[in-house]
Amino acid sequence: MLGEPEYNMNELFAQLGLDSSDEAIDKFIADNQLSSEEKLVEADFWTDSQRMFLQEEWQKDAAWVETIDELNVRMHPDA
């Protein structure tokens, strides 16, 4: 029996409707750094559907949670 698939950052960005190339991901993260007080899902650059996806997948502790956590860490360099 197969377990949950493992997702990576490129797949997460594609799921969010964003350019999913390594270069575009690095640029997005560099251009959208968050302060330690700002929550990833509350950032103003997400669309409502992107925000909803991130919140729902995080709350479900779904297959995406590790990748979302990685994105959160990369967007909070001072945390």
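What share of the contacts in the protein with a separation of 6 or more comes from residues 24 or more positions apart? Some notes on that and on the rest of the fold follow.

1. Before anything else: this is a predicted model, where local features need pLDDT of at least 70, side-chain atom pairs count only at pLDDT 80 or more, and totals for chains, interfaces and linings use all residues. Residues are numbered from 1 along each chain as its sequence is written, and side-chain values use heavy atoms, with hydrogens and water left out.

2. To the opening question: 61%. Contact here means heavy atoms within 4.5 Å.

3. Helices are DSSP runs of H or I with at least four residues, and strands are E runs of at least two, numbered from the N terminus.

4. Now the inside. Buried residues (under 20% relative accessible area, 1.4 Å probe, protein chains only) make up 34% of the 79 residues. The largest nonpolar core has 18 residues, and L12, L40, W46, L54, L71 and M75 have the most contacts inside it. At least two core residues come from each of α1 (9-15), α2 (22-31), α3 (48-59) and α4 (65-75). By nonpolar core I mean buried Ala, Val, Leu, Ile, Met, Phe, Trp, Tyr and Cys residues joined through side-chain atoms within 4.5 Å.

5. M75 is worth a look: leaving out residues up to four places away in sequence, M75 touches F28, I29, N32, Q33, L34, L40 and F45.

6. As for dimensions, the C-alpha trace spans about 40 × 25 × 25 Å along its principal axes.

Note on methods. Buried < 20%, exposed > 50% of the residue type's maximum accessible area, 1.4 Å probe, protein only.
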